[in-house]
Structures are given as structure tokens and as C-alpha cells.
Amino acid sequence: MNVEFIREPNLLLESIELVYRYVSGKTYEDVRNNIIVNYGKSFDDAQTKLIYDYTSTLSKIMKQACLEVNLRDECTKKLFSKLGNASGGNNMCIAKLMTFNFADISIIDLFDAADYINRKFHSIIGGRYSFCGVRTPGFIEFAKLSPGDTKRSLMDQIDTFDLENQYKWETYKVLSEYDFYFSKLVDIIRPVAKCLKTRLHDVDDVVEERIAFWKEYLEPHSVEHFVESQGNNGEKYVKDNARAIIWRVSCDELVADVDVDSPDWLKMFLGALIVPGAVMESKNIQIDMVQRSLQVLGNKKRLEILYLLKNRRLFGYEIARLVDLDATTVSRHMSALCASGLVTAAKGEGHTIYYTSNTNKIRKLLQNTGSLLVES
């Protein structure tokens, strides 16, 4: 696999993530403790020290960079507060939804990156595209409309998001006045980015080590294989080329997505403290994978839907009728099931989307659950 690594940090995305963590109260001590508890047994003393040193450095950077962030400012709270969703995830905010999936990760300068995101957002919302979901850590998913399809209203598009209703409304208000709120967003993060431009070089040694590690790791492994190993659907990641950036601030996150401008390429965000070797072998990751899938299935209606899809494909309104739910609620359930990989979606004529169960993924979930809970 051909991977092009971008060595400099994307100041806009890093600043948004830092402010989000600052506003939401997510500390780097929590990040460190979570990594040590989950994966510490596979680390030697040097790796453990690296994690302690790195998170301590990020704590100091956050304290310095966010000095001018006003936690009482209504706009700051609106853009950076956590968004709750039906699947229980809480690592998203509106500022991320406004930017993450519209960014070119190779554009390093704050204002150039902001200009690109603004133009890309308007080209999507004003073009033959439709928003069709959200996923952590803050990506709006969108799809190109087929010829003859009628584009739905922005509110109808946002209604497909796996968010609680109050957050759908807040998201709609911001996206419908995008230019105003995007300008506010840039104003909020400008002093943060100025600080990060110099301070993030404090972790350059770790970044270079991680780039070397990922280059070696990805040579024999595909991104699809890695994504599947984490319990997610890897079908969309079958690509030969990728651009990757090491996330300094979001050091415990790993995200891959198709590049909007270059559909044959992936864009990858690799957290600086993500260690694939430990991840691949760690029993805790297998537990996390099973837990995420079972959390999606913890809703009785979703189990009913999977049962209905066992031997046939159905579209949304058929499912809504059979499980006695309104179309909006069914859309939210289908978004969660598709995101987990337990269900696949295929576009039919017009606006019709057909759903089928992903039997391979379901069997893999049962197999992994059995290997965890039953002795072989």
C-alpha cells in the first residue's frame, strides 16, 4: 500500500480537537490512565514512560493554548459541547461536524485550511450531494445523488444523523448559518493555533517514531485488514493509496475515510499514542469491539430489525411498518446498525435505500463473543 505521510500538524483540526477536550473536561491524565489500564501489560518501561511524558506535555500545552478560550461564551459552548447520540457515543461536537470531513489534511496553514473547508462545505451543500449520517469523532457522511433524485431539505438530511433530537436542532441552526458560525469558530481557535504552531514541535520525536512505525506496519497490512481487526466494516477502505497525518492532540484516536477530492485515496488520522502491535494483540481491544457491537444491539427494536433482515432485503418504510416505528426513528436505528457493519445499505431507484444483514460480520461477532466468554 502506498502511504504518503504529512509531517506537519494540521493546525485547524488540532486546535478544534484541543478546544473540544478543554471545553468537555477531557484531560490527558484520563487519556493516559485509559491507555495504561487497557494496554499497559503489553508495554515495556520505555513505552510506558513515553506515554507518561507525552500526556504530561499535552496537558501543559492545553493549559497554555486555551488561556483565551472563554468557557462562558455561548458560541463556544454551542460549537464545542459534546453531542449525545442514540448509540451512546459522546466524542462529537458541532465544530468537528463543520470541519473534519471537509478538510484537506495536507493544508497546514490555518487560514488556507479554513478557506478550503468553507469552499468544500458550500460545494457539497450546494451540489448534488446529500448528508446521510455522522460518526465519531465528528465526521458528517455524505453521498452523491443519483440522476433524477430530488435533494431533501437540510433539516431532513440532518434528521438521518444518529443524534438526539435536541442536538439535531442545534446542528441544523449552525449549518443553516454556516458562514456566521464558521467565522466565529476561526476566531475562537486562532490564538490556540498560534500557540500550537510552536508548542506541538515539542512532540516531534514521537511523531517521527510513529511515522516510521506505521510505514513498516502498513507495508504488509492493508487499512481494510486493520479496520476489520477493530470490529468495524472495512469494505470502504479497499484502496491502494492513502495520505496519513499523525494526530498530536487527538493522540488516542484513529480514523480512516475516503478522500472526497480523490476517491481512489484514503485519508488517515493516526493518533500519536496508537500502537498497532499492542492493539492487534490486546484482549482489551477484542472486548471493546464486542462491547461496541452489543451496545448497538442492546435496543430490542434493532434486534427485531436484524431478525427481519435475516433472509431478505427491505427498505426503510417497510421496516418502519413491520416494527411499528416512525420513519425518522427507523432511520436513526439503521444509521447505527450500518455504522457497526451489522447491516449494509444499497441505493435503489430514486430515494429508496435497501438494507440487508451482513451475515459475515454477525458470524464474526458471535465468534469473537464466544472466544471471549467460552473456553475452547
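Six bridges join strand 2 to strand 3 (residues 139-144), and the two run antiparallel. Two strands count as paired if DSSP finds at least two bridges between them. Helices (H or I, at least four residues) and strands (E, at least two) are DSSP runs, numbered from the N terminus.

This is a predicted model, in which local features need pLDDT of at least 70 and side-chain atom pairs count only at pLDDT 80 or more, while totals for chains, interfaces and linings use all residues. Residues are numbered from 1 along each chain as its sequence is written, and side-chain values use heavy atoms, with hydrogens and water left out.

## The hairpin

Start with strand 2. Five of the seven residues of strand 2 (residues 129-135) are buried, so the strand is largely enclosed by the rest of the structure. Buried means under 20% relative accessible area, exposed means over 50%, and partly exposed lies in between (1.4 Å probe, protein chains only).

Which residue of strand 3 is the bridge partner of Phe131? It is Phe142. Three residues sit between strand 2 and strand 3 in this hairpin. There, Gly138 takes a positive phi near 150°.

## Overall make-up

The protein has 17 helices and nine strands. Of its 376 residues, 48% are buried. Contact means heavy atoms within 4.5 Å. Among contacts with a separation of 6 or more, 68% are between residues 24 or more positions apart.

How confident is the predictor? pLDDT is its confidence in each residue, from 0 to 100. The protein averages a pLDDT of 85, and 87% of the residues score at least 70. Residues 278-285 stay under 50. For that stretch, the model has 19 contacts beyond four places in sequence.

## The cores

Nonpolar side chains tend to be buried together in soluble globular proteins. A nonpolar core is a set of buried Ala, Val, Leu, Ile, Met, Phe, Trp, Tyr and Cys residues joined through side-chain atoms within 4.5 Å.

The largest nonpolar core has 89 residues. Leu79, Phe80, Met98 and Phe131 touch the most other members. Helix 9 (residues 178-199) gives this core its largest share, 11 residues. A second, separate core has 19 residues, including Val296, Leu297, Ile305 and Leu308.

What does Leu79 touch, beyond its neighbours within four places in sequence? Its contacts are Cys93, Ile94, Ala95, Met98, Val174, Tyr181, Leu185 and Ile188.

Now take Ile16, in helix 1 (residues 11-24). Ile16 counts as buried, at 0% relative accessibility. Not counting residues up to four places away in sequence, Ile16 touches Phe80, Ala95, Lys96, Thr99, Phe100, Leu185 and Ile189. Ile16 and Leu185 are 169 residues apart along the chain. Their C-alpha atoms are separated by 8.6 Å.

## The aromatic rings

The whole structure holds 15 aromatic pairs. Rings of Phe, Tyr and Trp (its six-membered ring) pair if their centres lie within 6.5 Å; planes under 30 degrees apart count as stacked, over 60 as edge-to-face and the rest as tilted.

The rings of Phe121 and Phe131 have centres 6.3 Å apart and planes at 35°, so this pair is tilted. Phe121 lies in helix 6 (residues 110-125) and Phe131 in strand 2, 10 residues apart.

The rings of Tyr178 and Phe182 have centres 5.3 Å apart and planes at 15°, so this pair is stacked. Tyr178 and Phe182 both lie in helix 9. They are four residues apart, about one turn of the helix.

| Residue | State | Relative accessible area |
|---|---|---|
| Phe121 | buried | 1% |
| Phe131 | buried | 1% |
| Tyr178 | buried | 2% |
| Phe182 | buried | 6% |

One aromatic cluster takes in Phe102, Phe121, Tyr129, Phe131, Phe142, Phe161, Tyr178 and Phe182.

An open sheet of three strands has the order 7-9-8, with antiparallel pairing. Why is one side of strand 7 (314-315) and of strand 8 (343-347) left without a neighbour in the sheet? Both stand at the edges, each with a single partner strand, so one side of each has no neighbour there.

Two bridges join strand 7 to strand 9 (residues 353-357). Leu314 has Tyr355 in strand 9 as its bridge partner.

Helix 16 (residues 327-340) lies across strand 8 and strand 9. Helix 16 runs at about 110° to strand 8. Axes here are lines fitted to C-alpha atoms, for helices over the stretch in contact, and angles run from 0 to 180 degrees between N-to-C directions.

Definitions and conventions: pLDDT is the predictor's confidence in each residue, from 0 to 100.
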